[in-house]
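Take a walk through this protein chain.

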Amino acid sequence: MSNLFNKKYCCFTGSGTTAIYLILKALNLQNKKIVYPTITCMAPVNAAVYAGYEPIFCDVSLNNYTMDLNSLKNILDEYDVGVVVPTHVYGHKCNMKEISKVAHEKGCFVLEDAAQTISLSEFSDASIMSFGHTKILETEQGGGAIFTDDERLYGNLKIEKALIKIKPKNINELFDTYREKYYYIMKNKQEGFNNYKEIYNLQINSKDTFIYDADENNEILEKVKDIDVIIKERNKRGKLYEKYLDNSLVDKAQGMYDVLWRYSFLYKGNREKLLEKVREKNIDISSWYPALYHFYLGEKKQEFLNSKIVEEKIVNLWVNVNRAEEKIKQDIQIINEIMRKV
Ligand SMILES: Cc1ncc(COP(=O)(O)O)c(C=O)c1O
């Protein structure tokens, strides 16, 4: 794996979340802040909390929904930051060269989250990938990997890795229970019920569901042999959406990508209605992610103007290889018809 991804060291572990956790424990920079983009998965942010860090956030760009460089510069001027986590959300590449430059100028460690892509930057200090459910290199057993050129960090990672427990046998059950609770809380619209706070508490109490080590997973080595086909097929599906989705109804991303995780765009109409009507037709559609600052910053008021727009308008569609291109074309027709009505 380290040869394939052009890094000196690769360390396998139980999940992508655990990969981040281990790096943060090995760095031992808990006395400084860690910066994530507000639009990303919650699990990597929880990894920081589990490792004893206080996460803070920076806004995202409206072009490709990844970390906004100016927002990051402001954060780095304002706070004592130890780690920056550029994240290639939906497969869109962040500007790793510039992000790493400003982060390194402030003495920060750059931890690239490549869970939603499969190419690693030469500018990061360490990078993580995930082989979990729905990921580009998804495997049944899942897992995560850390890549780095830093020998000292690699040595410390091994020490931290020996301290965590092995994946529980009932991990699927644990995760199903967690997921049930998550959606139960998110659907609760009762007045006075603070969904963000409840989700935060759920996450903080779910460390055992997310942090664990695992034996190496040979399925990954088989999977990476098909990497070129996977990239080609996913991007072919992405191009169908790009070509056939009604341009007048969506703001398409401008960003670069090597491989798409989901085809994502900003919808100009009523997003919630669109999700509802498309799901009625049994087409997979999601609105990942809610902006994460709501969950972690509590009462602290901070404006993230672009993230607010993204969380209200983002729509993601599937590009998985097991989805026939003809089916995707039919789905696009249905989605266009629905978008014209709602
Ligand atoms: C951007 C991002 N980072 C990290 C992770 C964590 O990976 P895993 O599910 O293997 O713990 C995920 C997936 O949940 C993710 O989407």
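Are tyrosine 263 and phenylalanine 265 buried or exposed? Tyrosine 263 is buried, and phenylalanine 265 is buried too. Keep in mind that this is a predicted model.

A pair of aromatic rings is described by two things: the distance of the centres and the angle of the planes. A search of the whole structure finds 16 aromatic pairs. Take tyrosine 263 and phenylalanine 265 as one of them. Their ring centres are 6.2 Å apart, and their planes meet at 45 degrees, so the pair is tilted. Why does that angle give this label? Planes under 30 degrees apart count as stacked and planes over 60 as edge-to-face, so the rest are tilted.

Now look at tyrosine 293 and phenylalanine 304. They form a tilted aromatic pair as well, with 4.6 Å from centre to centre and 35 degrees between the planes. This pair links distant parts of the chain, 11 residues apart. Tyrosine 293 belongs to helix H12, which covers residues 293-296. Phenylalanine 304 sits in the loop between H12 and helix H13 (305-313). Both tyrosine 293 and phenylalanine 304 are buried.

Rings can also gather in a group. Phe175, Tyr178, Tyr182, Tyr183 and Phe210 make up one aromatic cluster.

Follow arginine 262. Its charged end sits over the ring of tryptophan 261, 4.2 Å from the ring centre. Arginine 262 also lies over the face of tryptophan 318, where the distance to the ring centre is 3.7 Å.

Step back to the domains. The domain assignment gives domain 1 as residues 171-210 and domain 2 as residues 226-341. Their centres, taken over C-alpha atoms, are 24 Å apart. Domain 1 brings 6 residues to the contact, and domain 2 brings 5 residues.

How much area do domain 1 and domain 2 bury between them? The value is about 570 Å², with 71% of it on carbon and sulfur atoms. On the domain 1 side, Tyr182, Tyr196 and Tyr200 lose the most area to domain 2. Together they account for 69% of what that side buries.

Start with cysteine 108. It is placed in the loop between helix H4 (96-105) and strand E5 (109-113). Its relative accessible area is 4%, so cysteine 108 is buried. Leaving out residues up to four places away in sequence, cysteine 108 touches Leu76, Val81, Gly82, Val84, Ala103 and Asp125. Lysine 273 lies 165 residues from cysteine 108 in sequence and 42 Å away in space, C-alpha to C-alpha.

Glutamate 233 is part of helix H10, residues 227-244. Why does glutamate 233 count as buried? Its relative accessibility is 15%, and buried means under 20%. Residues up to four places away in sequence aside, glutamate 233 touches Val321 and Glu325.

Finish with asparagine 63. This residue lies in the loop between strand E3 (54-58) and helix H3 (69-78). Its relative accessibility is 45%, so asparagine 63 counts as partly exposed. Along the chain, asparagine 63 and lysine 252 are 189 residues apart, yet 8.2 Å separate their C-alpha atoms. Not counting residues up to four places away in sequence, asparagine 63 touches Ala253, Gln254 and Gly255.

Technical notes: Residues numbered from 1 in each chain as written. Predicted model: local features only at pLDDT ≥ 70, side-chain atom pairs only at ≥ 80, totals over all residues. Heavy atoms only, no water. Phe/Tyr/Trp six-rings, centres within 6.5 Å; stacked < 30°, edge-to-face > 60°. Buried < 20%, exposed > 50% of the residue type's maximum accessible area, 1.4 Å probe, protein only. Helix = DSSP H or I, 4+ residues; strand = E, 2+ residues; numbered from the N terminus. Lys NZ or Arg CZ within 6 Å of the ring centre and 35° of its normal. Domains from an automatic or database assignment. Contact = heavy atoms within 4.5 Å. Buried area = accessible area lost by both parts, 1.4 Å probe.
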